[in-house]
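Student: Before we look at the model, could you take me through its features one at a time, giving the idea behind each term and then the case at hand?
Tutor: Gladly; let us begin with the surface.

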Amino acid sequence: MLFRSMLKRLAWILYTGLAAFANPAAALDLAPLLTGDMAKLVAHSAPKPLPEVPFQTADGTSALLSDYQGKWVLLNLWATWCAPCRAEMPMLSALQTTYGGETFEVITIATGRDSPAKVARFMDSIAVTNLPRHTDPNQKLARSLGILGLPVVLLIAPDGSEVARLTGPAKWDAPEALALVDALARDKTTP
């Protein structure tokens, strides 16, 4: 177990070192922050490009993930019927309240059959007013991202590439999650 942990840390160090040359924004050393629930965050060996698949905004227009380039994005794919997704939403809202701004943003996209009206009712019922009410009604974005279950969080670097993914629920109000998001929000490589 100790050997596996050491190998994991070594791999992360190598990854971040190589990423510094290929992608300065993705080179932020997060390895020391991947503890507790954040240990479930799987960093990719190389940043992955995101698909140019539109999703629907609350006002019915289309948007792309590339519209958010220039800042770190914590992208949460969820559904109103998903109990762990529902439990995470107030924690994600708190992250956006504390850290959202020029260098970091929480983006939420309800994927599947949740209509914009149902998403709005859900957000209103839990008094979450600061998160987007985006939807992926036909799951085209979710399918193109290889999402097989919910909730899923993608960590997107300012250059618009996916650098890590967390599948399943997480305690986004835990100290290790706050430390991770704080590091992203303070990242000086963000344009």
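Tutor: The protein exposes about 9,400 Å², of which carbon and sulfur atoms supply 61%; such accessible areas come from the Shrake-Rupley method with a 1.4 Å probe, and for residues only the protein chains shown count as cover. This is a predicted model, in which local features need pLDDT of at least 70 and side-chain atom pairs count only at pLDDT 80 or more, while totals for chains, interfaces and linings use all residues. Residues are numbered from 1 along each chain as its sequence is written, and side-chain values use heavy atoms, with hydrogens and water left out.

Student: What share of the 191 residues is buried?
Tutor: Buried means under 20% relative accessible area, exposed means over 50%, and partly exposed lies in between (1.4 Å probe, protein chains only). By that rule, buried residues make up 47% of the 191 residues.

Student: How many helices and strands does the protein have?
Tutor: Helices (H or I, at least four residues) and strands (E, at least two) are DSSP runs, numbered from the N terminus. Here they come to 5 helices and 8 strands, and read along the sequence they follow the pattern α-β-β-β-β-α-β-α-β-α-β-β-α.

Student: How should I read an aromatic pair, and which rings form one here?
Tutor: A pair of aromatic rings is described by the distance of the centres and the angle of the planes. Rings of Phe, Tyr and Trp (its six-membered ring) pair if their centres lie within 6.5 Å, and planes under 30 degrees apart count as stacked, over 60 as edge-to-face and the rest as tilted. The count here comes to 1 aromatic pair: the ring centres of Trp-78 and Phe-122 are 5.1 Å apart with the planes at 40°, so the pair is tilted. The pair links distant parts of the chain, since Trp-78 is in strand E4 (residues 72-78) and Phe-122, 44 residues apart from it, is in helix H3 (residues 116-125). Trp-78 is buried because its relative accessibility is 0%, and Phe-122, at 5%, is buried as well.

Student: Which residues does Thr-135 touch?
Tutor: Contact means heavy atoms within 4.5 Å. Thr-135, found in strand E6 (residues 134-136), is buried with a relative accessible area of 0%; not counting residues up to four places away in sequence, it touches Phe-55, Gln-56, Ile-109, Ala-110, Asp-114, Ser-115, Pro-116 and Val-119. For the protein, residues 24 or more positions apart account for 73% of the contacts with a separation of 6 or more.

Student: Which backbone angles deserve a look?
Tutor: The peptide bond from Leu-150 to Pro-151 is cis, with omega near -5°, and Pro-151 has its place in the loop between H4 and E7. Ala-127, in the loop between H3 and E6, has phi near 60°, a positive value in a residue other than glycine, and it counts as exposed because its relative accessibility is 61%. Gln-139, in the loop between E6 and H4, also has a positive phi near 60°, but Gln-139 is partly exposed, at 34% relative accessibility.

Student: Where does Leu-148 lie, and is it buried or exposed?
Tutor: Leu-148 lies in the loop between helix H4 (140-144) and strand E7 (152-156), where, at 87% relative accessibility, it counts as exposed. Its C-alpha atom is separated by 9.1 Å from that of Thr-167, 19 residues apart along the chain.
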